[in-house]
Amino acid sequence: MLAITPPPSSPDDLLFARIADDLSHQGYTVIPNALPDTLASSLFEQVMDLDSHAYNEAGIGRQNDLTLNQFVRRDEICWIEGQSPAENNWLKWTAGLQQYLNEHLFLGLFSFESHFARYQPGDFYRKHLDAFRGEANRRLSVVTYLNPGWLPEDGGELVIYDIDSDEEVVKVTPAYGTLVVFLSEEFPHEVLTAKRHRHSIAGWFRVNGSCNERVDPPR
């Protein structure tokens with residue numbers, strides 16, 4: 001009887017497996033050149049074509065509690081709603097990641113939200129958490145970068161800290177195609193001052209926070 005050879009894993013599955021393994025062992029992953037080439041290039045083209053009026057000043061908090069504070073953050077954002085082929089492909093790709101992580105890590109990821117983020121020279125985002133322990137909203141944070149030719153003197157690094165010791169865990173150069181995923185409740189982080197225009201996508205996988213008559217909205 002002939003043995004059945006399992007089909008080869010796709011590049012996405014191999015990447016998703018690495019992400020899952022890193023999350024299970026250390027709670028975060030940083031993977032250079034992770035984003036598929038065609039996806040990265042289409043997202044970069046869209047970012048370059050976005051009108052300045054498409055961006056809004058980023059705030060802190062959610063919905064009615066949203067406040068603007070330029071002492072904490074100075075970036076601008078444009079929410080991704082699936083209104084272009086590039087956005088749709090990004091959302092399909094993250095949906096594949098969501099399914100893989102739910103199947104292999106049983107995280108119960110329920111929804112995903114993301115936006116383009118633009119940092120102009122001098123912009124930053126002070127140390128913060130994407131979610132607070134026990135609030136059960138954002139479970140995983142996802143960041144990918146769209147900055148060709150980024151140099152060390154350009155600044156704008158993402159710095160991730162240990163929540164207990166406050167020591168630096170890793171400093172990430174926002175180089176084109178780099179992907180970062182980490183547990184939202186476990187890792188304070190900041191964006192250091194950018195010295196040139198810096199483009200990225202920030203996103204969050206959420207669990208279902210709805211209960212009784214309270215609906216936990218996507219954002």
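**View 1. L140 and its contacts in the predicted model.** Leaving aside residues up to four places away in sequence, L140 touches L23, L101, L107, L109, V181, F182, L183, S184, G203, W204 and F205; contact here means heavy atoms within 4.5 Å. This is a predicted model, in which local features need pLDDT of at least 70 and side-chain atom pairs count only at pLDDT 80 or more, while totals for chains, interfaces and linings use all residues. Residues are numbered from 1 along each chain as its sequence is written, and side-chain values use heavy atoms, with hydrogens and water left out.

View 2. In soluble globular proteins, nonpolar side chains tend to be buried together. A nonpolar core is a set of buried Ala, Val, Leu, Ile, Met, Phe, Trp, Tyr and Cys residues joined through side-chain atoms within 4.5 Å; buried means under 20% relative accessible area, exposed over 50%, and partly exposed in between (1.4 Å probe, protein chains only). The largest core has 32 residues, and the members that touch the most others are I19, L43, W90, W93, L101, F116 and L140. At least two residues each come from α1 (11-26), α2 (37-49), α3, β4, β6, β9 and β11. These helices (H or I, at least four residues) and strands (E, at least two) are DSSP runs, numbered from the N terminus. Helix α3 gives the largest share of this core, 6 residues. Another core, of 17 residues, lies apart from it, and Y28, V170, V180 and F187 are among its members.

View 3. Strands of a sheet pair through backbone hydrogen bonds, either parallel or antiparallel. Here 7 strands form an open sheet with antiparallel pairing, in the order β1-β9-β6-β11-β4-β3-β2; two strands count as paired if DSSP finds at least two bridges between them. At the edges are β1 (28-31) and β2 (56-57), each pairing on one side only. Strand β1 runs antiparallel to β9 (residues 179-183), and 4 bridges join the two. Look for Y28, whose bridge partner in β9 is F182.

**View 4. Helix α3 on the sheet.** Packed on the sheet, helix α3 (residues 85-105) touches β4 (111-119), β6 (138-145), β9 and β11 (198-206). Its direction makes about 130° with that of β4; axes are lines fitted to C-alpha atoms, for helices over the stretch in contact, and angles run from 0 to 180 degrees between N-to-C directions. K92 lies in this helix and is exposed, with a relative accessible area of 60%.

View 5. Side chains of opposite charge can pair when their charged atoms come close. The whole structure has 6 salt bridges, each a side-chain nitrogen of Lys or Arg within 4 Å of a carboxyl oxygen of Asp or Glu. In one of them, E76 meets R118 (2.6 Å, N to O). E76 is in strand β3 (residues 76-79) and R118 in strand β4, so this pair ties together parts that are 42 residues apart in sequence. Both E76 and R118 are buried.

View 6. Where does E113 find its partners? The side chain of E113 forms a salt bridge with R138 (3.2 Å, N to O). E113 lies in strand β4 and R138 in strand β6, so the pair ties together parts 25 residues apart in sequence. R206 also meets E113 in a salt bridge (3.7 Å, N to O), linking strand β11 to strand β4 across 93 residues. Shared partners join E113, R138 and R206 into one network.
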